[in-house]
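Here is a short briefing on a metal site and a domain interface. Please look over the structure first.

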Amino acid sequence: MQSTAEENYIKAIYKLSGSGANAVSTTGLSETLETKPASVSDMLRKLSAKNLVHYVKYHGVQLTEEGQRVALKIIRKHRLWEAFLVQKLHFSWDEVHEVAEQMEHVKSELLIQRLDEFLGHPRVDPHGDPIPTEAGELRELEQRTLASLAVEQQGVVCRVKDSQPAFLQYLNRMGIQIGSNLKVVDKIPYDNSLEIKIDKTKSVILSSDVLEKIFVINP
Ligand SMILES: [Zn+2]
C-alpha cells in the first residue's frame, strides 16, 4: 500500500517518462512536484526499496513493472471519478480535475469496481482520455466527429471541442452528455444537419456546426 505522496511521485514519473518508456531526471521531478531535490532523492530511495522504481543516483529514475501497474491504477481511478463527477454530479468538465486529484487516492478496490459498474464501464473520461481497464490495459480509442457518421451509424460521446458555457448548456438542453449513445437517423442534405436519436429515446436535429464539435467513439 502506498501513501498519497508516494502515489503522486509514481504518477509524476509515469507522465514525465511518456507512459513509463524513458528515464526521468530527478531535477525534472523536483520541478514538477515543486519539491527540493534532496526530498526527491529521499522519496526515490523509499520507492526503490518498495520495488516501485529503478533509481540510480545521477542516472535518473524509471518505474518498475510494479510501479507501472500502480501508476495505471491511479490513472484509472482518476478518470473514473472524473466521469462520475460529470455524468452523475453534473460538475462541468473543467472543474473535475482538481476533485479527482483527491479521489484518485481512495484505497477501496471494491468501491472502484462498483463505480466502474455504476457508470457502465466507460472507456473514456470527460476529456476524451482513455480509462485503463481493471487489468491495467490502456488503449487509445479512435475518435471521430459526429458529423462524420453516416445514416444508421452510432457512436458514444467521448469529448466536445467547445467548453464555452453556452455550448455546454445547449448540450444539456438537448440531453447530450459524455457517454450518451447517439445514432444518426437521417441526414438533411440542404444544410448537412443530422437527425440524431439520443440514448435510443428522443430525436433531435443538430446543425453541422454542433456536429463538428462533438466527438464519438464506437459503441
Ligand atoms: Zn484529470
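**Zinc site and domain contacts**

His97 counts as partly exposed, at 34% relative accessibility. The model is predicted. His97 is one of the protein donors of the zinc ion.

**Zinc site**
- The protein donors are His78 (NE2), Glu82 (OE) and His97 (ND1), lying 2.0 to 2.1 Å from the zinc ion.
- Along the chain, the donors follow the spacing H-x3-E-x14-H.
- His78 lies in helix α4 (residues 65-87) and His97 in helix α5 (residues 96-103), so the pair ties together parts that are 19 residues apart in sequence.
- His78 counts as buried, with 9% relative accessibility.

**Domain 1 and domain 2**
- The domain assignment gives domain 1 (4-63), domain 2 (76-141) and domain 3 (144-217).
- The C-alpha centres of domain 1 and domain 2 are 24 Å apart.
- Five residues of domain 1 contact five residues of domain 2.
- About 440 Å² is buried between domain 1 and domain 2, and carbon and sulfur atoms give 31% of this area.
- On the domain 1 side, Thr4, Glu7 and Lys11 lose the most area to domain 2, together 74% of what that side buries.
- The interface of these two domains has three salt bridges. Five residue pairs are in polar contact across it.

**Lys11**
- Lys11 is found in helix α1 (residues 4-16).
- Its relative accessible area is 8%, so Lys11 is buried.
- Lys11 forms a salt bridge with Glu101, with the closest N and O atoms 3.0 Å apart.
- Not counting residues up to four places away in sequence, Lys11 touches Ile74, Glu101 and Glu104.

Note on methods. Residues are numbered from 1 along each chain as its sequence is written. This is a predicted model: local features need pLDDT of at least 70, side-chain atom pairs count only at pLDDT 80 or more; totals for chains, interfaces and linings use all residues. Side-chain values use heavy atoms; hydrogens and water are left out. Donors are N, O and S atoms within 2.8 Å of the metal (3.2 Å for Na, K and Ca); water is not among the atoms, so sites may look incomplete. Helices (H or I, at least four residues) and strands (E, at least two) are DSSP runs, numbered from the N terminus. Buried means under 20% relative accessible area, exposed over 50%, partly exposed in between (1.4 Å probe, protein chains only). Contact means heavy atoms within 4.5 Å. Domain bounds come from an automatic or database domain assignment. Buried area is the accessible area (1.4 Å probe) that two parts lose on being put together, summed over both. A salt bridge is a side-chain nitrogen of Lys or Arg within 4 Å of a carboxyl oxygen of Asp or Glu. A polar contact is a pair of N or O atoms within 3.5 Å; within protein, one must be able to donate a hydrogen and the other to accept it, and residues adjacent in sequence count only if both atoms are side-chain atoms.
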